[in-house]
Amino acid sequence: MDDITIGGTLIWYYYACPREAWLMGHNIVPDQENDNVVVGRYIGENSYQREKKEIVVGGSKIDVIHMEDGQMVIGEIKKSSKYRQSARMQLAFYLRELKARGIEAKGELRFPKEKIREEVVLDEAVEVELDKAQREILRILYLETPPVPKKISFCKNCAYSEYCWC
Ligand code: SF4
C-alpha cells in the first residue's frame, strides 16, 4: 500500500469499527448515496454556516467555528451523539495537529439535532490515547485483508454494510 497519512476521519472510523478503518484506509469508498452519508454530509455542510470556516491541516479538513479571546475554536459537527467517543477523538486529533504546528486551539463538539455541545480538551491522557490509536490504526492498515466483520449497532447505519453483510 502507498504511504499512509492518518487523518481525523480515519480516527473516527477506527473508534467506530476497525474494519471500516481498513476499508477507508485502502481507498474503498462507501456508498455516497447511503441515507446516513447524505444526512451526515447535509448536517456538516449546512449547520452553523455563518460561523464556520474550513482550514486544511496535514491530511485533515478542520472547521473553525470562531475566535474566543484570541484563541481559535475548532468544531466537529455530527448527526448524532451516539458515537461520541469517535467524535471526541477525531476532534482531539485535530487539536493535536494544530498544536504540532504551534497553534493552541479549543475544541467544541456539536450535535445540532440534539442541541448538545461539548468541550474537548487535549490533555496528557488524551494524547497518550491518540498515540495508541495511531499505532493500532497503522497495524490494522498494514494487514493484507480487512479485520473480519463483527456485528455492532453501527452496522445498520454503515455505508460499508454491503462489504460485510450481503
Ligand atoms: S457494516 Fe459493520 S462491520 Fe462492516 S464496516 Fe460497517 S460497522 Fe464495520
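A polar contact is a pair of N or O atoms within 3.5 Å, where, within protein, one atom must be able to donate a hydrogen and the other to accept it. All views show a predicted model.

**View 1. The start of helix 5 in the predicted model.** A side-chain oxygen of Asp 123 comes to within 3.3 Å of the backbone nitrogen of Ala 125 at the start of helix 5. The helix itself covers residues 124-141, and its 18 residues reach 26 Å from the first C-alpha to the last, close to the 26 Å expected at 1.5 Å a residue.

**View 2. The buried and exposed faces of helix 5.** Val 126, Glu 127, Leu 130, Ala 133, Ile 137, Ile 140 and Leu 141 are the buried residues shown in helix 5. Seen down the helix axis, the buried residues fall within an arc of 140°, and they therefore line one face of helix 5. Helix 1 (8-16), helix 2 (18-25) and helix 4 (84-99) are the elements against which these buried residues pack, whereas the face turned away from the buried side carries the exposed residues Glu 124, Ala 125, Val 128, Lys 132 and Arg 135.

**View 3. The hairpin of strand 1 and strand 2.** Strand 1 (residues 53-57) pairs with strand 2 in the antiparallel sense over five bridges, with Glu 54 standing opposite Asp 63 of strand 2. Two residues lie between the strands of this hairpin, and Gly 58 in the turn has a positive phi of about 60°.

Conventions. Residues are numbered from 1 along each chain as its sequence is written. This is a predicted model: local features need pLDDT of at least 70, side-chain atom pairs count only at pLDDT 80 or more; totals for chains, interfaces and linings use all residues. Side-chain values use heavy atoms; hydrogens and water are left out. Helices (H or I, at least four residues) and strands (E, at least two) are DSSP runs, numbered from the N terminus. The expected span of a helix is 1.5 Å times one less than its number of residues. Buried means under 20% relative accessible area, exposed over 50%, partly exposed in between (1.4 Å probe, protein chains only). The arc is that of the directions from the helix axis to the C-beta atoms. Contact means heavy atoms within 4.5 Å. Two strands pair if DSSP finds at least two bridges between them.
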